[in-house]
Amino acid sequence: MIVWGLYIASYFTAFITMIVGLVIAYVKRGELAGTPFEWHMTSAIRTFWISLIAGIIGAVLLIVGIGFVIWVVLAVWHIFRVIRGMIRAIDGRPIEDPTGWL
């Protein structure tokens, strides 16, 4: 839940807490192997890297005017994944497909 909370907080801290959450996810993933939370760490790590890559692509495409649209779609996707992860973590349930897009 801490990792997902840090991801949520990143909207208010210039994404610094997201990097902290990423580090925690990498460190804890091995320790949580075999538990439902292992899949949360995999999902959180994947969420970070996809967000970073899509954010960079959006920044580059600001030149042609569609970068903003990419950022909006990325924000909605990111918020969905983080809230879904937080709800499942609170319930103690795993992420069914941590490597999937949704």
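**Helix packing, core and surface contacts**

Ser-43 is placed in helix H3. Helices here are DSSP runs of H or I with at least four residues, numbered from the N terminus. The model is predicted, so local features need pLDDT of at least 70 and side-chain atom pairs count only at pLDDT 80 or more, while totals for chains, interfaces and linings use all residues. Residues are numbered from 1 along each chain as its sequence is written, and side-chain values use heavy atoms, with hydrogens and water left out.

Ser-43 has a relative accessible area of 0% and is buried. Buried denotes under 20% relative accessible area, exposed over 50%, and partly exposed in between, with a 1.4 Å probe and protein chains only. Contact denotes heavy atoms within 4.5 Å. With neighbours within four places in sequence left aside, Ser-43 is in contact with Trp-4, Arg-81, Arg-84, Ile-95 and Pro-98.

Met-41 lies in helix H3 and is buried, at 6% relative accessible area. Its contacts, neighbours within four places in sequence aside, are Val-3, Ala-25, Lys-28, Arg-29 and Leu-32. Met-41 and Gly-30 are 11 residues apart in sequence, and their C-alpha atoms are 9.3 Å apart in space. Phe-48 also belongs to helix H3. The relative accessibility of Phe-48 is 9%, which counts as buried. Beyond its neighbours within four places in sequence, Phe-48 is in contact with Tyr-7, Met-18, Ile-19 and Leu-22. Between the C-alpha atoms of Phe-48 and Leu-32, 16 residues apart along the chain, the separation is 19 Å.

Helix H2 covers residues 16–31 and has 16 residues. From first C-alpha to last, H2 reaches 24 Å, close to the 22 Å expected at 1.5 Å a residue. The expected span is 1.5 Å times one less than the number of residues. Thr-17, Met-18, Gly-21, Leu-22 and Ala-25 are the buried residues of H2. Their cover includes helix H1 (2–9), helix H3 (36–60) and helix H4 (67–91).

The largest nonpolar core has 14 residues. Such a core is a set of buried Ala, Val, Leu, Ile, Met, Phe, Trp, Tyr and Cys residues joined through side-chain atoms within 4.5 Å. Val-3, Trp-4, Tyr-7, Ala-25 and Ala-44 have the most contacts inside this core. H1, H2, H3 and H4 each supply at least two of its residues. H3 gives the largest share, four residues. In soluble globular proteins, nonpolar side chains tend to be buried together. Val-3 is in contact with Gly-21, Ile-24, Ala-25, Met-41 and Ala-44, leaving aside its neighbours within four places in sequence.

A nonpolar patch lies on the surface. Ile-8, Tyr-11, Phe-12, Phe-15, Ile-79, Ile-83 and Ile-87 form this patch, with about 690 Å² of accessible area together. Areas come from the Shrake-Rupley method with a 1.4 Å probe; for residues, only the protein chains shown count as cover. Patches take residues with over 30% relative accessible area and no salt bridge; like charges are joined within 9 Å, and nonpolar side chains (Val, Leu, Ile, Met, Phe, Trp, Tyr) within 5 Å. H4 gives the most to the nonpolar patch, with three residues. Ile-79 lies in helix H4. Its relative accessibility is 38%, which counts as partly exposed.

Three salt bridges were counted. The criterion is a side-chain nitrogen of Lys or Arg within 4 Å of a carboxyl oxygen of Asp or Glu. In one of them, the side chains of Lys-28 and Glu-31 meet at 3.1 Å, N to O. Lys-28 and Glu-31 are three residues apart in helix H2, so about one helical turn separates them. Lys-28 is partly exposed at 33% relative accessible area, whereas Glu-31 is exposed at 55%.

Glu-96 and Arg-88 form another salt bridge, at 2.9 Å, N to O. Here Glu-96 is exposed, at 61% relative accessibility, but Arg-88 is buried, at 15%. Asp-91 forms a salt bridge with Arg-93, with 3.6 Å between the closest N and O atoms. Asp-91 is partly exposed, at 48%. Arg-93 is also partly exposed, at 37%.
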